[in-house]
Every structure is written in structure tokens, then in C-alpha cells.
Amino acid sequence: MRKVDFNEGWTCRCLTRDEAEYPVALPHDAMWSEARTEASKGENNIGWFEGGDYEYRKLFFVSEDDRDKKILIEFEGVYHNAEVFLNGKKILSRPYGYTNFYVDTKDALLYGEENEICVTAYNSDQPNSRWYPGTGIYRPVFLWIGEEKHIPVNGVRIRTVSYEPAVIEVEVKTTINGRVKIEIVDDSEKCVEVKELETESQVSVQMRIPSPKLWNCDTPNLYRCKVTFGEDVVEEHFGIRLLEWNKDAGLTINGKRVILRGACIHHDNGILGACAFPEAEERKVRILKEQGYNALRSAHNPCSKAILDACDRLGMLVMDEYVDVWYIHKTEHDYVDHLPRWWKQDLKDMVEKDYNHPSVIMYSTGNEVSETAQKKGIKLTGQLTQYLHSLDSTRPVTCGINIFFNFLSSIGFGVYSDDKAKKNAQAAEKNAQAARKKTDAGKEKKKKPVGSEFYNTLACLAGDYFMKCGATLYPCDLKTRDAFANMDIAGYNYGIFRYLHDLKKYPDRLILGTETFCKDAYSFWEKAKQNPRILGDFVWAGMDYIGETGDGAAEYSDYKEENPSCRMTGGNGRVDLLGKPRAEAAFTRVAFEQEKGPLIAVNPVYQKEKLNLTGWQLTKALESWSWHGCQGQTATVEVYARAAEVELLVNGQAVGRKSYKNTCRRVFKTKYEDGEITAVSYDSMGRIIGRRTLKTAGEDIRLRICPEQQEVKPGKLVFIPLQYTDAEGIWKPMARERLKVSVENGVLMGLGSANAYVKGNYAQDTADTYYGEAMAVVRAGEAGVVTVTVEDSRGSHTAEVLCK
């Protein structure tokens, strides 16, 4: 079937507030520009956005010549409870906000005249999510058109049978009998294999690929499978990679063991909200790949097609996850009430989306579903696993189980119930009413955290060590072992202290850290190298995301806002909301032996407060030695290295030397002086094996407008970091400014900083810097020059990007 872009020419209007209809192009996140107030019933979970119901409309013409054709409309994601009307007739509804679905237009289209499609996304049913979901048609939409004789959507499936020799199996479905031609084309557009055969609606054939270029994380070679059936031509990209998992070798790709260096990610794109722009999705994958990660966990819902395409091209592995809830609610209006009816269709759509992507290596059926501690839930675990096997036998199935929480919930701590749901919803409503009346919402009864939110709150209060120790308790084993037996790979959330014990107790069990703390990266890596049955680790979180703010991120008072509705993120990503790696990412690269170091990070010297970091945060240090005015003050310096010892020098004078044992992170205290700080690492023989220096910026100050690319295609995004530096480009994190951005021949799509506390939203044209930095995202206009102008207290600054 022919795929046609269907993303232009839409309008959007809010149904729950008196707001005018406005034109939009898809993908579009209607929540992104909403007000953020204490009237939000979704509260901290969704970043204090209000939530609403929205209607999208589009007029389109269908020719009389298309009357006998098959016409489908694909929605890659609508959040949530979507209803689709065509010419006033309701033709489909889909409750889950994260699965792609297809609308059959049969019997509803008007031929030779204009048609109206109307899509309603209901998101006023708050609370319904534990993180920022966005609202509306936030992923792309496409029209699929097929003649009577055609290959249906998802009608071509490709799998690797072997890699020595390289043999693939191609399965093709057709609407009627006929002759099918299958061509395999390499990256140089050379046809390396071709077969023609007759089909009776379905055919399967094995094809041998000569001189194969295999797909893996280091060499993500892709082929193109071109299938011709009459006038219909379908092309699918694939990679030659054979995935295997067993207790002897662990997880292997084409016979070579792979240890998963994973990062959990949510679906939003920071200051762009939930919009799944292909450029933003690829940028997210690229940045995490550059930080040494080789795998992503799509937490806690199926990822976009754009993410998978990027992972295929860049060599990033993917665990695609289904859902955050089964039959026990975590928020009152979450997916629980719909899952019994829809889970099979949801999983089928997820597998059809993923099947041909070499990057997808695993499915996850859920996240921290405490149902796995109950007989009913254990049975459901097996049903979900078995059903996924029936859809796709080439990939293993896991489920991320919070081991300690399973035990706590089994004895009544943090368990969700209808009664608690009503009380929490009532408390949220009372707070919202009080906020609207401008009374003290804080006097209202606070909700009691339950489910995963209960565990997260406990982890913040008790610390990560306590939570990991809790997972070692014997009852935790009792409440997880049967569910683990009903999946291919046991998914451990925060259970690293159990790894070695459970490897001995369960000799056939494969263990995967489906969710882990950053500070455990070194310990995990050392264990995994010695134990193939430890398959990998997925840190929470790879990149910061909107929502799930709890009681607020750990932050110094000069950047912190006391108003709860200013809490935008939890600040728990190894990469910040703008895509800049934090010092924690540097630590992780060294821990995973992707870099030897030494690397240096310094706590902001002028900050005197002591912060209580959450279990998910390792440090607030920055990779800078520019702290003007702090002469003589104590500086806390962290050095990350794979070495026997490291020496620290300030302006050439040694200030300390420390050894590494069972760690790659050492902390020094020294006096700050402008100039240079240098770390020198040594091997066990005392030989220098690495050196790193940070320099103090000069007295002068400049705003650097730094587009990440100098050329952009019309209609595409360009990311533009804004950073204060000296004349040599050395970062000045103590710079504080309020910026105003305007664009010529383009549209400002988002503006903000990495600060977890935000007044307003990212739809504004002004933003405060955070440690001297902010970022603008611009959609280019027509061919020519895109001009970005930034105003601050020092004047006006411009930069240009060529659009062609």
C-alpha cells in the first residue's frame, strides 16, 4: 500500500475550556501550551498541567477514481481515549494512548468531494498518568492507499535464520493470489538477491545473502527488502542479526555476547513536550549512544516508529515495554479499566510495529506491577509472555518487577484500592478548587502515595541503599519467583544486591536490571563481566523528562521555586532536559569502560547549602572550573577514572592523591583558585595513563548561539543551545540572564532550560538560564535563511541557519 503524509492542514480546539480553534501541523501536543497551576488534578505526576479534552479536524479530498481502493488512516499515537469520526460517523475508538492503530474508511468516505475527519482526545479525566503524557495527536498520521491487488500494511515480515551463512526468511501476505517479486538491496543500492514466486495470499521464502554485512551496535548495517506485487511496491529495512539468549552465553547477537548498557527513557522530548518529531527522537538516541549506552528501555509504553528507525540506523538496542498497570490502579483513571479488553490487540500492534526492526531485542509486559505477587497476576504474567511468543518467537519477554515493592504491597504498604483512589482524587479536586479560589491549597488533606509513587517516595526518604537492602529479604524472593518463572528474563527493578545470590539459587535464571540507580553502574558492570546470566542494566533515567516530580527535585535555593506548580521535572536523568550530559553521564561512561578518564566535575563552589539528593541522583557537580569570586572557598571535586590512583592539581600544585578500589569515583576537597584544575591518573606501576584539565573562563562574557547544524530542510527542526562563555568559548555557569527569543523564517517550537523548576511552560518566548544555559528549538520555514535573535540585558544577539 502507498503511504501518504497526512500531518498538515489540521485544526485543534479545546472542548473543556472556552478557547478558539487554531491551525496545527502534526505531531501536536495540546497539553504543552496549557497552564500549569495548583488547580491541576494530575498534580506533580504530570508537571502540574491542567489537562483537557481536545478535538482535531481536517478536511481532505478523495477522488472518484479511488472508490475501489483500500484506504486506511494510521495514527501512531493519540493520548488518550481517542474517538475517530469520519463525515460525522464514529468509526473507531482506542483507549490506550501509546499504541498505533489503523482506521478503515470503508463505508464512510465520500468520493469526488471533500471529507471531514474529526479526532477527539479525552484527557480531562485526571489523574490518569504518573508522568507527563501530553495530549492529542502527538505522533504522526499517515494515509495508506492500496489497489484491489495489494500487500496489506505490515504484510512483509523479515527475520534472520542464520548469520553463517547469512540466511533470512521473508514472509509476504497479499490480498489475492498472484506473483511476488522479492529483491534484497544493500546500502550501496546493489541488488544482492532476488526471487520470484507465486502466492496464495501468503508466501514464505528463505534467501541467502552473499558476503553479508551483519547488524550489531558497532556496525548497524541495514538492507532493504523490496517486494513487488502487481503495481504495489513495499519496502522494508532490516538487519542481519541473530538474537539468542541462554544460561551459558547470556545474550548474544550473531554469536557474540552483548552486555546491555541501558537507559530508561520516557516518550517526551523535553521542551517540545510529547511531540514525536523524527529529528527529536533521533537526537535523543544519538546523544545517549554518544554517552556509551547501547540499549534503551521504552518506559513505560511502546515507543514511536521514529525511535525504532533511529535505533536501527545508529545501532541502539531496544526493550519495548507495554504498560505501567495491569489490574491494580496506580492513578484513578489510568489504563486498568481498559486493559482486560484491549491487551491482546495492543500487543499485536506493538509486535507488528517492531517485528522488522533489528534494534528491538526484547519485549516487556509491564513496569512495577505488584500484581506479580498474586496468583492472578502470576497467571497473567504467563499469559502475556505466551501471547507475545505466539506473535513473535524471535525475541525474549521480561517484566520489570520492583522486588521490594512486591513484598511491601503484599503486606499492605502502598497498595492501591478503589477507596484510596477516591480519597486521592477527592483530595486533588479539593486542592484544585482551593487553588482556583486562591485559597491555601496546602491546608487540604494531602493524598497518600500508592503503588510506584509510594516506592519512589520511600526511596527518597530512606535512600537507595535501604531500598536495595530491602530487596534482599527472603519474603521478596517468595513474592517474585513465580512471576519470574513465567517470563524468559527476570526483570529486577533495584535488586542489584540479589544478583549473585539468585544466580546460585536459580541456576537457569537470566537476570536483567530493568531499572537501576546511577551509582550502581560500576558494581553492575564488574558483576556482569564475570556472569553471563546478568544480561544488562537500565538506569533510571537516561534522559530527564517532564512530570513525576514528587515533592520536588533536589535543587539549590537560588534556582528552586517554592510554589509546587513550578515543579516541572524530577531532575533524575543522566542527560538533562535539553540533551546535555550531566557529570553522572561522565561517571557512567567510565564505569562502563567506554572511557578511561580521568574526568572532572565540581560542585558549584558558591553554593553553601547541603542538598539531600534522591536515590536516583549521584551528584550535582558540573564539569567546570569557572567560579569567579570564590577564591579560597572549599571546592568539592569528583574525579572519575579507570585507574589505580589519581592525583589532583590546582594551578600545578598537588592537592591530593587517592587510590581506586571497587569504584571509579573519588572525591577531593580543595581550595578554589582561578586558573586550572588537573587530574592525572596512574596505573598500578605508577605510570601516567590519563590527564584532564579544566580552565577558568576569562572575565569577558558572551552569549553563544550554537545551532547543532548549520543547514536544515524546510519544515524540519534545528536545536539551538544558548550558552554564556568567555571569548574562547569556555562555559560560565555563574551567568544568570533572562532571554527573549524571536525567529524569522521559522517558528519557535520550544524554549527553556534544564532547571527542574519552571514558571509557566515551554511555549513562551522568554526563559531564564540555568547555570548559564538554555535552549531554543526552531522549525525552519521556507528555503533561505532562518534567523534567530536572542535578547538579554546586554543587548541583541543573532545567529543564522541555512534552510534548503
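1. The model is a predicted one, in which local features need pLDDT of at least 70 and side-chain atom pairs count only at pLDDT 80 or more, while totals for chains, interfaces and linings use all residues. Residues are numbered from 1 along each chain as its sequence is written, and side-chain values use heavy atoms, with hydrogens and water left out.

2. Four strands make up an open sheet with antiparallel pairing, in the order 14-13-16-17; helices (H or I, at least four residues) and strands (E, at least two) are DSSP runs, numbered from the N terminus, and two strands pair if DSSP finds at least two bridges between them. Strand 14 (191–199) and strand 17 (232–238) are the edges, and because each has a single partner strand, one side of each is left without a neighbour in the sheet.

3. Strand 16 (residues 223–229) runs antiparallel to strand 17 and is joined to it by seven bridges, and in strand 17 Phe-238 is the bridge partner of Tyr-223. The side chains of Glu-235 and Arg-224 also meet in a salt bridge, at 2.9 Å from N to O, where a salt bridge is a side-chain nitrogen of Lys or Arg within 4 Å of a carboxyl oxygen of Asp or Glu. This pair links Glu-235 in strand 17 with Arg-224 in strand 16, 11 residues apart.

4. Arg-224 is buried, with a relative accessible area of 14%, whereas Glu-235 is partly exposed at 40%; buried means under 20% relative accessible area, exposed over 50%, and partly exposed in between (1.4 Å probe, protein chains only).

5. A search of the whole structure finds 60 salt bridges. Glu-321 and Arg-297 form one with closest N and O atoms 2.9 Å apart, and both residues are buried. Asp-768 and Arg-738 form another, at 2.8 Å, but here Asp-768 is partly exposed at 42% and Arg-738 is partly exposed at 45%.

6. The buried residues of helix 4 (residues 375–391), including Gly-377, Leu-384 and Leu-391, pack against strand 11, helix 3, strand 24, strand 25 and helix 10, contact meaning heavy atoms within 4.5 Å.

7. The largest nonpolar core has 162 residues, of which Leu-260, Leu-317, Tyr-322, Leu-347, Trp-625 and Val-637 touch the most other members. A second, separate core of 30 residues includes Val-24 and Ile-145. Such a core is a set of buried Ala, Val, Leu, Ile, Met, Phe, Trp, Tyr and Cys residues joined through side-chain atoms within 4.5 Å.

Note on methods
The expected span of a helix is 1.5 Å times one less than its number of residues.
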